[in-house]
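This report describes the helix packing, the sheets and the chain contact of the structure shown below.

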Amino acid sequence: MVLSDRGFAGVKSHDVFRLMVDSVVDYAIFVLDPTGVVVSWNLGAERLKGYKPKEIIGKHFSIFYTPADLANDKPGHEIRGAAELGRFEDEGWRVRKDGSRFWANVILTRILDEHGTLIGFGKITRDLTDRHQSEFRYRLLVEGVVDYAIYSMDVHGNVGSWNLGAERMKRYKADEIEGKHFSIFYTEEDRKKGLPERILRTAVETGHFEGEGWRVRKDGSRFWASVVVTPLRDDVGNLYGFSKVTRDISERKALQDAIQQHADELELRVQEREQSNAELEAFAYSVSHDLRAPLRAIGGFAEALRQDYDSHLDDGGRDYLKEIVAAVARMNTLVQDLLDYGRVSRIDISLGPVNLLEAVNDAVRQLGDERRGSLRVDVAPDLRVQAQQQVLTQMIFNLLSNAFKFHSRNSAPEVRLSAQPKNGAVRLTVRDNGIGIAPQHQQRIWQVFERLHDRESYPGTGIGLAIVHRAVERMQGNRGVESEVGKGSTFWVELPRAPENSKETNHE
Amino acid sequence: MSEAPVLLVEDDPADVRLIQRAFGKLDKNVPMIRLTNGDDAVAYLSGLAPYDNRGAYPIPSVVLLDIKLPRRSGFEVLEWVRRQQSALKRLPIVILSSSRHSVDINRAFDLGANSYLAKPESISQLDELASQFQAYWLGLNEPPDLHGEPWTGRPPGIHHV
């Protein structure tokens, strides 16, 4: 500092300066001789440390230090540092006259005369207890956190501070790990791949790194970690280190893995089911193809025999041939019915709104002309059910065939098909004037291959109603029969009604 | 040159006999060559041994092709024919299968079948089939040239050099 010789108000300039220093109260400013003995003492020093000038001048400044610092000869260290380097700065606990402590920021400056000879030290001390307290509380907070490993690193990635959470998670004590490179926490593979360096680079370049991965504890065991690395920069933006927050999310990872595993297993099972469905499909295909080929041969040659060698046959021979041809026809029907039953059971049913009358008309078209003549249909054209068109048509056809088949020998068959909305459903009713079903048989008829009559009276495979039963089941409906022997039967099925405004599907 | 035969590719000997019987009852003789599997069909059409004598094994006028065949299915034979670069790819192919599955029917047409016939249940229907087949495929239908060059996209007779 350069002072004007004039000073002001007649006071000499160096006196002005001395007065200013003396009156500063927020900083302790005092001078030590080259050995550390106090030679001047300002008001700030008095306030801060509690000594009057006359109490302290002539005493060695080590009086301000804690016993621990004295044991380490910190005062001597500071003086030597300042003498050597010109300046020494430190922060730490200092002791007041009354024994209380305060957190001090200390700057010790070497004073040389014009010949370069050391004549003493200027010392400026500031009370930073308040700031230190808040930093301290913050540090306590960080250090006390046990669920997160929080630690700092220098620019190279060497560990600095180390909290309790880090100690628990990684099993290193602070003094074991401080100064070690943080790559020690990584797996061999990750280290080889240069992951730790890449993380720091990413943090520097993008201001942030976030990731998950395996980390290694001191004992070599691994845990799945969620990691956030943030670069630390000073006021002017120079990088001076990194903070790293690590969370052990092994449990979450295990849970995720378990869920993933379940999902994989489920996927596998779906695949297996799709595969077994495809196998069934292939099976049904070969049944329809391979089982029928020999049938066609039996029937074909039986008929060829009848046509080409008729003159060689008597009535008995012709009768046998007729039996063969009839058996072949029956077998053909059986194969067809089994295929239908299998398809209804197996087919991927996706339910959608289907116009009931259209399905009824499709089914009626498959009936013979004769039967069509004795059928009355009473279905409103706007009734729609949740169903699958193909399956619904098959089901209606089977109900109608069944109604026509079991008619009484004494009267012509009359069948009536009607439909009524009923709550959220639609009830489809098929009423016949046939032979009826005794109550004890009314459940059995829905089972596959169940027949109540001999083949000569009523031919059939015993699969028709089983298909109805299975179709209703697959379309989430209900079915039933009301019947009395000799008075005909009323079969009904109920299917969910399609929601209004829904778009019709299933038309192929 | 004698009339080109119908090539019947069918592995079921019973079906073959019944088909031959039905064709045999027709007024006009229909020459028929029978093969039992898809590989043989491809070898025949390629003119590979033992079918390398075109005099004895001429290019057929129509193929009656079953789907389910040993070694190479009817679909594969069909695909192979349509893939040829020569005029052979025009060869009329009629599928004759016991399958009435729409999957099979659609696939056959997708692959370029000219017709799809289901094997009838009775021999009287088979007789009818033979008679109609002859009338249509060997009568009404105008046969393509199976020996020339395939169409190149240029109008015939106009060649720029």
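In this predicted model, the axes of helix 15 of chain A and helix 16 (residues 464-474) of chain A approach within 9 Å and cross at roughly 145 degrees. The crossing of these two helices is left-handed. Helix 15 of chain A contributes A:Val391, A:Gln394, A:Met395, A:Asn398, A:Leu399, A:Ser401 and A:Asn402 to the contact, and helix 16 of chain A contributes A:Gly464, A:Leu465, A:Ile467, A:Val468, A:Ala471, A:Val472 and A:Arg474. Sorted by class, the residues of this contact are 8 nonpolar, 5 polar and 1 charged.

Helix 15 of chain A also packs against helix 13 (residues 356-366) of chain A, with axes that come within 8 Å and cross at roughly 50 degrees. The two helices are therefore oblique to each other. Helix 13 of chain A passes helix 15 of chain A in a right-handed crossing. On the side of helix 13 of chain A, the contact consists of A:Ala359, A:Val360, A:Asp362, A:Ala363 and A:Gln366, while helix 15 of chain A supplies A:Gln389, A:Leu392, A:Thr393, A:Ile396, A:Phe397 and A:Leu400. This contact of helix 13 of chain A with helix 15 of chain A has 7 nonpolar, 3 polar and 1 charged residues.

Helix 2 (residues 38-46) of chain B and helix 3 (residues 74-83) of chain B have axes that come within 9 Å and cross at roughly 20 degrees. They are therefore roughly parallel to each other. Helix 2 of chain B passes helix 3 of chain B in a right-handed crossing. B:Gly38, B:Ala41, B:Val42 and B:Leu45 of helix 2 of chain B meet B:Gly74, B:Glu76, B:Val77, B:Trp80 and B:Val81 of helix 3 of chain B. The residues of this contact divide into 6 nonpolar, 2 polar and 1 charged. The table sets out the geometry of the helix pairs described here.

| Helix pair | Axes come within | Crossing angle |
|---|---|---|
| Helix 15 and helix 16 of chain A | 9 Å | roughly 145 degrees |
| Helix 13 and helix 15 of chain A | 8 Å | roughly 50 degrees |
| Helix 2 and helix 3 of chain B | 9 Å | roughly 20 degrees |

Helix 13 of chain A also lies across strand 12, strand 14 and strand 15 (425-432) of chain A, running at about 170 degrees to strand 12 of chain A. These strands belong to an open sheet of 5 strands in the order 12-14-15-17-16, with mixed pairing. Its edge strands are strand 12 (375-378) and strand 16 (478-483) of chain A, each of which pairs on one side only. The twist from one strand to the next averages 15 degrees. Within the sheet, strand 12 of chain A and strand 14 (residues 415-422) of chain A pair in the parallel sense over 4 bridges. A:Leu375 stands opposite A:Val415 in strand 14 of chain A.

Elsewhere in chain A, strand 10 takes part in two antiparallel pairings. Strand 6 (residues 148-153) of chain A pairs with strand 10 (residues 239-248) of chain A over 6 bridges, and A:Ala149 stands opposite A:Thr246. Strand 9 (residues 222-233) of chain A is joined to strand 10 of chain A by 9 bridges, with A:Arg247 as the bridge partner of A:Ser226. The hairpin of strand 9 and strand 10 of chain A has 5 residues between the strands, and A:Gly237 takes a positive phi near 95 degrees there.

The sheet of chain B is likewise open, with 5 strands in the order 2-1-3-4-5, and its pairing is parallel. Strand 2 (32-35) and strand 5 (115-118) of chain B are the edge strands, and the twist averages 20 degrees from one strand to the next. Strand 3 of chain B is joined to strand 4 (residues 93-97) of chain B by 3 bridges, and B:Val63 has B:Ile93 as its bridge partner.

Between the chains, 11 residues of chain A are in contact with 12 residues of chain B. Helix 11 (residues 250-308) of chain A gives the most to the chain A side, with 10 residues. That side has 3 nonpolar, 5 polar and 3 charged residues.

As to confidence, the model scores ipTM 0.77 and pTM 0.49. Chain B averages a pLDDT of 89, and 91% of the residues score at least 70. Among the elements of chain B, strand 3 (residues 62-65) has the highest mean pLDDT (97) and helix 1 (residues 13-24) the lowest (93).

Notes: Residues numbered from 1 in each chain as written. Chains lettered and ligands numbered in written order. Predicted model: local features only at pLDDT ≥ 70, side-chain atom pairs only at ≥ 80, totals over all residues. Contact = placed C-beta atoms within 7 Å. Nonpolar A, V, L, I, M, F, W, Y, C, P; charged D, E, K, R; others polar. pLDDT = per-residue confidence, 0-100. Pairing = 2+ DSSP bridges. Axes fitted to C-alpha atoms, helices over the stretch in contact; angles between N-to-C directions. Parallel < 35°, antiparallel > 145°, perpendicular 65-115°, else oblique. Left-handed = near helix turned anticlockwise from the far one by under 90°.
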